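The exercises below are meant to be worked with the sequence and the coordinates open side by side.

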Amino acid sequence: MNGQRSSTLKPMLHFGWFVGHGFGVQGWGTPGYGLGYDWKKPALYQEAVRAFERSGLDLFIIEDSLTVPDTYGGTAEVSLAHASFAPKHDPLALVPYLLSATEHLGIVPTVSASFYPPFTAARLLATLQHFSEGQLGWNVVTSGSDLAAQNYGLDQQIEHDLRYEKAEEFVDVVRRLWRSWEPTAVLEDVEAGVFADHSKVHPINHEGDFFKVRGPLNTAPLPEEPVLVQAGASPRGKAFAGGHADVAIALARGVDGMKSYRDSIRAEAAKAGRKPDDVKVLFVLKPTVVGSTAEAEELRAQRRELTQRDIDSQLNSISYLSVIDFKQFDLDAPLPELSTNSNQGTLEHFAKAAPPGSTLRQILQARSGGAGDSIIGTVGEIADYLEETGSAVGGDGFLFSGFVDPVTVHGVLDKLTPELRRRGLLRKSYGNGGFRQNLLDF
């Protein structure tokens with residue numbers, strides 16, 4: 001990586017920000033925690049999305065979860081000590097505040113197909129889309145946690161692939177509800193005294209394997225539907241993403257793995273009768289910008305020297321996401337073959353952070369030192385990586401991952417944005433077509 005731009009490289013990439021801590025504690029464990037901000041108040045997030053928009057990002061995704069995890073060691077001690085996955089507020093309530101602070105940035109809250117009734121989801125998202133005038137997206141997830149299922153009256157989550165069958169039906173019902181008013185149904189004919197033509201508003205009368213919904217939706221018809229975002233890593237998940245998503249998100253896993261993932265999503269889109277270019281595949285990357293190559297090497301070495309907090313934090317996270325208690329495994333023995341009914345792609349990505357046969361400690365060290373979806377480097381080194389990897393993979397862009405506290409946001413964007421724009425990788429302005437059109441601009 002030498003910082004020189006080849007004329008054969010793709011001229012522009014899409015960028016966004018993914019907050020994996022959702023509408024929850026921001027900056028915990030960092031030196032700047034709580035300095036001048038309150039994570040429970042919308043002002044912190046409003047300032048962050050203003051920075052994202054100034055930087056030309058296309059979207060902001062707000063992750064969500066629905067439990068206080070206690071899989072690791074059978075207790076919630078680490079989850080609550082590290083503010084990991086809890087506490088967390090509902091992201092849908094935050095959306096109007098973010099819309100009031102931005103004009104172009106796509107705002108993407110998470111909605112679970114496992115627990116939301118489709119009528120409720122369709123109505124909420126339609127209302128927010130009207131508020132947004134075309135800025136809204138929705139990150140549809142298939143919640144894999146047994147703990148979350150127990151908060152909704154179930155003993156455990158349903159089987160992995162069956163969850164995607166349910167999600168297929170969920171998306172279909174939501175879209176049919178959005179379309180239950182024909183585009184010309186609203187007349188607003190004051191003279192005739194007719195607001196809407198009843199013959200153009202239809203019940204959907206859906207009866208499926210998971211949902212029974214009469215319809216029609218009782219909100220005003222949508223001029224444009226929200227952008228659908230989805231992260232599917234298993235074969236069934238990729239088929240769902242390729243068939244429905246406007247944006248597919250995945251963890252970065254080396255150029256070959258990223259290209260293979262993108263190719264598979266595009267193939268699934270074509271199989272579903274869609275144009276592959278209509279699905280933008282964005283890879284999640286957590287950048288840390290430093291001042292020199294020597295500083296980067298020193299930071300990587302420091303992070304590989306795991307503390308007990310580092311170990312507990314990582315293992316607590318993968319325990320929750322996989323529904324496997326990682327406290328049971330010997331840190332200095334190879335990780336056994338594992339399978340899960342929960343987040344299969346996340347478990348696979350975790351296990352492959354180090355070479356086959358590595359011990360659990362070595363996997364944790366590799367992840368902490370900048371492997372996989374994490375990168376440590378100077379502005380030039382990170383820009384080189386984004387440029388060269390984006391070209392080799394074929395597009396379409398990246399999602400920066402991290403807290404939205406001021407130190408994290410400005411520490412990444414203030415340094416990286418000018419260089420990405422200088423190279424022609426990052427947009428300098430938005431069009432007037434809204435979030436969906438921004439994604440289709442290139």
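**Exercise 1.** How many salt bridges does the count between domain 1 and domain 2 give? Describe the interface between domain 1 and domain 2 along the way.

Solution. Begin with the bounds, keeping in mind that this is a predicted model: the domain assignment gives domain 1 as 14–287 + 378–439 and domain 2 as 291–373. The C-alpha centres of domain 1 and domain 2 lie 26 Å apart, and the contact takes 33 residues from domain 1 and 25 residues from domain 2.

Next, consider the area, which amounts to about 2,400 Å² buried between domain 1 and domain 2, with carbon and sulfur atoms giving 54% of it. Within domain 1, Thr 71, Tyr 72 and His 82 lose the most area to domain 2, and together these residues account for 28% of what that side buries.

Then turn to the pairings: the count of salt bridges between domain 1 and domain 2 is zero, whereas seven residue pairs are found in polar contact across the interface, with both residues at pLDDT 80 or more. On the side of domain 1 that touches domain 2, helix H2 (77–81), helix H6 (160–178) and strand S11 (280–289) each supply at least two residues, and the largest share, three residues, comes from S11. That side divides into 12 nonpolar, 15 polar and six charged residues.

**Exercise 2.** Which backbone oxygen lies 2.8 Å from a polar atom of the side chain of Gln 135?

Solution. Gln 135 sits in the loop between helix H4 (118–132) and strand S4 (137–141), where it is buried with a relative accessible area of 6%. The backbone oxygen in question belongs to Leu 105. Not counting residues up to four places away in sequence, the residues that Gln 135 touches include Leu 105, Gln 129 and Phe 435.

**Exercise 3.** How many salt bridges does the structure hold? Characterise the pairs of Asp 246 with Arg 274 and of Glu 297 with Arg 300.

Solution. The structure holds 23 salt bridges. As background, side chains of opposite charge can pair when their charged atoms come close.

For the pair of Asp 246 and Arg 274, the closest N and O atoms are 3.9 Å apart. Asp 246 lies in the loop between helix H7 (235–244) and S10, and Arg 274 in the loop between helix H8 (255–271) and S11, so the pair ties together parts that are 28 residues apart in sequence. Both Asp 246 and Arg 274 are buried.

For the other pair, the side chains of Glu 297 and Arg 300 meet at 2.8 Å, N to O, and both residues lie in helix H9 (residues 293–304), three residues apart, about one turn of the helix. Glu 297 counts as partly exposed at 44% relative accessibility, whereas Arg 300 is buried, with a relative accessible area of 19%. Finally, salt bridges that share partners join Asp 384, Glu 387, Glu 419, Arg 422 and Arg 423 into one network.

How values were computed. Residues numbered from 1 in each chain as written. Predicted model: local features only at pLDDT ≥ 70, side-chain atom pairs only at ≥ 80, totals over all residues. Heavy atoms only, no water. Domains from an automatic or database assignment. Contact = heavy atoms within 4.5 Å. Buried area = accessible area lost by both parts, 1.4 Å probe. Salt bridge = Lys/Arg side-chain N within 4 Å of Asp/Glu carboxyl O. Polar contact = N/O pair within 3.5 Å; in protein donor to acceptor, adjacent residues only side chain to side chain. Helix = DSSP H or I, 4+ residues; strand = E, 2+ residues; numbered from the N terminus. Nonpolar A, V, L, I, M, F, W, Y, C, P; charged D, E, K, R; others polar. Buried < 20%, exposed > 50% of the residue type's maximum accessible area, 1.4 Å probe, protein only.
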